[in-house]
Amino acid sequence: MFIAHLPAGYLTANLLARKHKNRSSLIAVGLVCSILPDFDLLWFYLVDNRQTAHHEYFFHWPLFWCFLAFATWILSWILGQGQIRRYILVALTCLLVHMLLDSFAAEIYWLRPFSDFHLNAVEVPAKFEWWVWSFVFHWTFAVEIGICLAAAIVFLRNKKNAI
Ligand SMILES: [Zn+2]
């Protein structure tokens with residue numbers, strides 16, 4: 001997935017934050033978390049010298065984020081900070097939506113570190129010399145454009161309703 005992570009995060013966070021008093025900050029958390037796994041590209045390019053597919057790093061392991069969310073949830077309970085639980089929910093959901101979308105045209109290891117089971121729902125064949133064109137001219141890119149359009153419509157509708 002190339003261009004739809006942020007719009008998909010907006011749609012997800014918008015849904016989960018609907019009618020919540022902290023709507024704006026919840027959506028902000030959702031937007032950050034919708035692209036957070038891809039920050040491992042810094043490691044991919046700057047440290048690993050592109051030796052390992054970045055989808056194999058722990059930032060793309062759904063169970064890593066589930067564990068982190070669970071630990072944070074327990075901490076919020078111990079510290080009596082129940083108001084952050086909605087943020088944890090939005091963050092985890094947007095992170096998992098990222099991995100779900102990456103499961104189309106990339107291998108995501110849903111059960112790591114316990115299993116090497118991976119899901120790649122749609123194989124994108126390398127038809128062009130520059131790999132990006134293979135993705136852009138594949139039908140999955142039309143789905144990405146659809147997600148972007150849906151997010152734009154919802155954003156404009158929300159903006160109009162706020163006036
Ligand atoms: Zn990703």
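Helices here are DSSP runs of H or I with at least four residues, numbered from the N terminus. By that count, Pro37 lies in the loop between α2 and α3. The model is a predicted one.

## Overall build

The protein chain has 7 helices and 0 strands. Its pattern along the sequence is α-α-α-α-α-α-α. The C-alpha trace spans about 50 × 40 × 30 Å along its principal axes. Of the 163 residues in the chain, 35% are buried. Take the contacts between residues at least 6 apart in sequence: 55% of them join residues at least 24 apart.

## The zinc site

Which residues hold the zinc ion as protein donors? They are Asp38 (OD), His60 (NE2), His98 (NE2) and Asp102 (OD).

The 4 donor atoms make angles of 88 to 167 degrees, and the site is irregular. A tetrahedral label would need all angles between 85 and 135 degrees. For four tetrahedral donors the ideal angle is 109.5 degrees.

Pro37 is buried, with a relative accessible area of 0%. Leaving out residues up to four places away in sequence, Pro37 touches Phe59, His60, Trp65, Leu95, His98 and Met99. Pro37 and Leu68 are 31 residues apart in sequence, and their C-alpha atoms are 13 Å apart in space.

Ser34 belongs to helix α2 (residues 23-35). Its relative accessibility is 1%, so Ser34 counts as buried. Beyond its neighbours within four places in sequence, Ser34 is in contact with His5, Leu6, Gly9, Cys94 and His98.

## Helices α4 and α5

Two packed helices are described by the angle between their axes and the distance between the axes. Helix α4 covers residues 62-78 and helix α5 covers residues 85-102. Their axes come within 10 Å and cross at roughly 180 degrees. Angles over 145 degrees count as roughly antiparallel. Therefore α4 and α5 are roughly antiparallel to each other.

On the α4 side, the contact is made by Pro62, Trp65, Cys66, Ala69, Thr72, Trp73, Ser76 and Trp77. On the α5 side, Arg85, Ile88, Leu92, Leu95, Leu96 and Met99 take part. By class, the contact has 11 nonpolar, 2 polar and 1 charged residues.

## Backbone exceptions

Most residues other than glycine have a negative phi, and most peptide bonds are trans.

| Residue | Phi | Relative accessibility |
|---|---|---|
| Lys19 | near 60 degrees | 82% |
| Arg50 | about 60 degrees | 56% |

Lys19 is found in the loop between α1 (5-16) and α2. Arg50 is in the loop between α3 and α4. Lys19 counts as exposed, and so does Arg50.

What is the peptide bond from Arg112 to Pro113, cis or trans? It is cis, with omega near 15 degrees. Pro113 has its place in the loop between α5 and α6 (131-136).

Note on methods: Residues are numbered from 1 along each chain as its sequence is written. This is a predicted model: local features need pLDDT of at least 70, side-chain atom pairs count only at pLDDT 80 or more; totals for chains, interfaces and linings use all residues. Side-chain values use heavy atoms; hydrogens and water are left out. Axes are lines fitted to C-alpha atoms, for helices over the stretch in contact, and angles run from 0 to 180 degrees between N-to-C directions. Helices (H or I, at least four residues) and strands (E, at least two) are DSSP runs, numbered from the N terminus. Angles under 35 degrees count as roughly parallel, over 145 as roughly antiparallel, 65 to 115 as roughly perpendicular and the rest as oblique. Contact means heavy atoms within 4.5 Å. Ala, Val, Leu, Ile, Met, Phe, Trp, Tyr, Cys and Pro count as nonpolar, Asp, Glu, Lys and Arg as charged, and the others, Gly among them, as polar. Donors are N, O and S atoms within 2.8 Å of the metal (3.2 Å for Na, K and Ca); water is not among the atoms, so sites may look incomplete. Four donors count as tetrahedral if all angles lie between 85 and 135 degrees; four count as square planar and six as octahedral if opposite donors are over 155 degrees apart and all others between 65 and 115; anything else is irregular. Buried means under 20% relative accessible area, exposed over 50%, partly exposed in between (1.4 Å probe, protein chains only).
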